Amino acid sequence: MTDETQEQGWATAKTLAEALPYIQIYDRETVVIKYGGHAMGEEQVAKLFAADTVMLKMLGVHPVVVHGGGPQISAMLEKAGVKSTFIDGLRVTDEATMEVAEMVLSGAINKEIANWITRAGAEADVRGVGLSGKDAGLITVEKVTRTTKDPNSEVERMVDLGFVGDPKRVDPKLIEALIYAEEDYIPVIAPIGVSETGETYNINADTVAGALAGALNAKRMLLLTDVAGVLDANGALMRQMSVAQARAAIDDGVATGGMIPKLETAIAAVQAGVEAVVIMDGRRPHALLVELFTEHGAGTLICE
């Protein structure tokens, strides 16, 4: 063993010792992780994410993963010759788009993430379990209604987003059975739900994560995406925001596009009892560990 290798060992031990207070804070607490953005398209980063999720479980945390898949759905729709339309960051979903979305989300992406977790946790027998909101009545949805301003007249008008829903009711029994089981399971949930009349709806993955975090009384919700966090009007990262500041960012137009539903989700989750929500860059290796187990964390933290 070289002196350099030995010093690396001491440095690792020091890092672990410094993490102990934070490990204790999250011991047996539920952390809902929304995994999405372009970070999902990078296989090596995705495998590191799976390994970090397994580490959380081994350290006594109860991780619950909710994934998106917007870029993958767009790519599949493009192959099929279907054009995507977005309003305030939400995809307009007709019947054909819904079929593709469910195939991509509940099929390819969901099972791939669950499998990566199972493989990463093979030695300790930690297993990813792929689900959607359609399983065991997990998420009952109602059709989303939205208004938008006409850019010419400034008049508010109703817009029809098609098969896009918001969670109306969340039944967390299945998820709780998995996270509190004697075996080490990590639920992986696709953002698909069912209406009272049995129709399948696409749901914004951030919204699903927020609804689940509230229903599970999670200590933290982490929104892993492909941006560093919430930026102010000058483009600088905001390390922490109150709910009031988050609302102001939306009202003042500082937050635009896909950041609007993220902040709306964060506000709703905090009001539902989640201690704090963090919007952070999921492309950076070990982002989960940096946020939960170091003093400075990562991204933008939103709390009451």
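Guide: A residue is called buried under 20% relative accessible area, exposed over 50% and partly exposed in between, with a 1.4 Å probe and protein chains only. By that rule phenylalanine 293 is buried, because its relative accessibility is 8%. This is a predicted model, in which local features need pLDDT of at least 70, side-chain atom pairs count only at pLDDT 80 or more, and totals for chains, interfaces and linings use all residues. Residues are numbered from 1 along each chain as its sequence is written, and side-chain values use heavy atoms, with hydrogens and water left out.

Visitor: How many aromatic pairs are there?

Guide: A pair of aromatic rings is described by the distance of the centres and the angle of the planes. Rings of Phe, Tyr and Trp (its six-membered ring) pair if their centres lie within 6.5 Å; planes under 30 degrees apart are stacked, over 60 edge-to-face, and the rest tilted. The count here is 3 aromatic pairs. One of them joins tyrosine 26 and phenylalanine 293 edge-to-face, with 6.4 Å between centres and 75° between planes. These two residues are 267 residues apart: tyrosine 26 is in the loop between helix H1 (3-25) and strand E1 (30-35), and phenylalanine 293 is in helix H9 (residues 287-293). Helices (H or I, at least four residues) and strands (E, at least two) are DSSP runs, numbered from the N terminus. Tyrosine 26 is buried as well, because its relative accessibility is 4%.

Visitor: Which aromatic pair is stacked?

Guide: Tyrosine 35 and phenylalanine 49 are stacked, at 4.0 Å centre to centre and 5° between the planes. Tyrosine 35 belongs to strand E1 and phenylalanine 49 to helix H2 (residues 43-58), so the pair ties together parts 14 residues apart in sequence. Both residues are buried.

Visitor: At what angle do H2 and helix H4 pack?

Guide: Axes are lines fitted to C-alpha atoms, for helices over the stretch in contact, and angles run from 0 to 180 degrees between N-to-C directions. H2 and H4 (residues 95-120) pack at about 60°, with axes 8 Å apart. The two helices are therefore oblique, a class left over once angles under 35 degrees (roughly parallel), over 145 (roughly antiparallel) and 65 to 115 (roughly perpendicular) are set aside.
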